[in-house]
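Subject: Handover of a structure

Dear colleague,

Please find below the structure that I am handing over to you.

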Amino acid sequence: MNTSSKHIVVVGGGYVGLYTVLRLQRTLRRELREGSVRITVLTPESHMTYQPFLPEAAAGNLSPRHVVVPLRRVLRRATILNGKVTKVDHASRKVSFEPNVGTPYEIGYDIVVMAAGSVSRTLPVPGLADAAIGFKTVGEAIALRNRVLGLLDRAETNDDEALRRRALTFVVVGGGFAGIEALAELEDMALDAVRYYHNVKREDMRWVLVEATDRILPEVGPEMGRWTAEQLRERGIEVKMNTRLESCEGGHVKLSDGDEFEAATIVWTAGVKPSPVVNAGDLPLDERGRIKTTTRLTVAGTKGAFAAGDVAGVPDMTNPGQYCAPNAQHAVRQAKVLADNITRHLRGEELVDYRHKYVGSVAGLGLHKGVANVYGVKLRGLPAWFMHRTYHLSRVPTVNRKVRVMADWTLALFFKRETVSLGEIEAPREEFKAAATA
């Protein structure tokens, strides 16, 4: 190892981490080959998840393996270490790193890139931690798929009306992209599945969306948000706006509108917050608890520190006084500018500003259903669904994953999607333990 080489440490292997290192592998190809620059990525997982495809993975339209990108395969010039950063001491240019298994240690660096992303933003709702599940990881998406299908099996097998009603009640809290797409895709999948059941019908299921504000999908605008709410209601989904989840202890749901009922499935998608690592170090934070970042994606008031994505408060140059929204659209584009600015920094060149005008949003609402507002062009139904798939196919990283996603979609044109619960994968040793103790 070249001890005089410049060491770049990237904290996080999500959108920003992956795309930043991918570009650095091109812009610093010679330096990486000669050893004058080293890159280390610190991330809990060995893969990057393309989150816009999580709803389709949950609904069985895509294989879970095809919505993740293996970091070691695509970031061959970087070292990938799996674990979490517990402290950033920029004054001494060190991070405290805790491997997933093993003894914590410190890692020195010359340049740090804060790209740790976000975690679910929860509220002190009684019972939430025990009864609910999030929708940010591929594990959560697949667990939800198995849970919904497993509960259909439970309802088919039992005559107890209270048990059936609880099993067939599904609640999603949060009317943003994650909540709406998860709800719509899972409900669409469940409708496909009940055709193969004798004792479960469409009208037996209850799907409830709980949103604290007076609108859903704010990213697509008020008009398209209202249209989406109408479409969901036409599908029999209860859309409760200006309503809060007050408690869900033991699966007993209490809403602020006075409604109370039992639900075996509660999905929490009510916002995100920066990764906790931002609070464990000496990097400056803004009023929203994000790393204070300049328009050049450097950490304000520091040298050798960069940040982007959900963890960073990046001023929006196209909308003075506002910050860039925490979404994939900005994260991917910020990563490109961030990588180029790191290259410029190493070569003593002037850095450039990040500027990107938000182009709009697309959302899938189940097979052949969607909503979109792009550059002011509003689409709904099949055209929006097609735009949603086309856009995200263009954005998913690597040709390998693009081809695999296309293969999944092509096969779905000729064969019905699988509606089998594999819930036993969450406890694979139970059957063996039972046999061993019999």
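The side chains of Arg-417 and Asp-192 are joined by a polar contact of 2.8 Å in this model, which is predicted. A polar atom of the Arg-417 side chain also lies 3.4 Å from the backbone oxygen of Ala-59. In the chain, Arg-417 is placed in the loop between α12 (399-414) and α13 (430-437). Is Arg-417 buried or exposed? Its relative accessible area is 14%, and because the cut-off for buried is under 20%, Arg-417 counts as buried. Leaving aside residues up to four places away in sequence, Arg-417 touches Ala-59, Gly-60, Asn-61, Asp-188, Met-189, Asp-192 and Leu-367.

Strand β11 (residues 169-173) is joined to strand β12 (residues 206-210) by five bridges, and the two run parallel. The chain crosses from β11 through α8 to β12, and this β-α-β crossover is right-handed. Within this pairing, Leu-209 of β12 is the bridge partner of Val-172.

How much of β11 is covered? Five of its five residues are buried. In a regular strand, side chains alternate between the two faces of the sheet. In β11, Thr-169, Val-171 and Val-173 lie on one side, with Phe-170 and Val-172 on the other, and all of them are buried.

Strand β11 is also joined to strand β17 (residues 265-268), by four bridges, and these two strands run parallel. In β17, Val-267 is the bridge partner of Val-172, while Thr-265 is the bridge partner of Phe-170.

Finally, a note from the records. An unreviewed UniProt entry lists residues 7-334 as "domain: FAD/NAD(P)-binding". Over residues 7-334, the chain is 29% helix and 26% strand, and the end C-alpha atoms of that stretch are 21 Å apart.

With kind regards

Notes. Residues are numbered from 1 along each chain as its sequence is written. This is a predicted model: local features need pLDDT of at least 70, side-chain atom pairs count only at pLDDT 80 or more; totals for chains, interfaces and linings use all residues. Side-chain values use heavy atoms; hydrogens and water are left out. Buried means under 20% relative accessible area, exposed over 50%, partly exposed in between (1.4 Å probe, protein chains only). Two strands pair if DSSP finds at least two bridges between them. A crossover is right-handed if, with the strands pointing away from the viewer, the path from the first strand over the helix to the second runs clockwise. UniProt positions are given in the numbering used here, feature names are shortened, and annotations may be inferred rather than shown by experiment. A polar contact is a pair of N or O atoms within 3.5 Å; within protein, one must be able to donate a hydrogen and the other to accept it, and residues adjacent in sequence count only if both atoms are side-chain atoms. Contact means heavy atoms within 4.5 Å.
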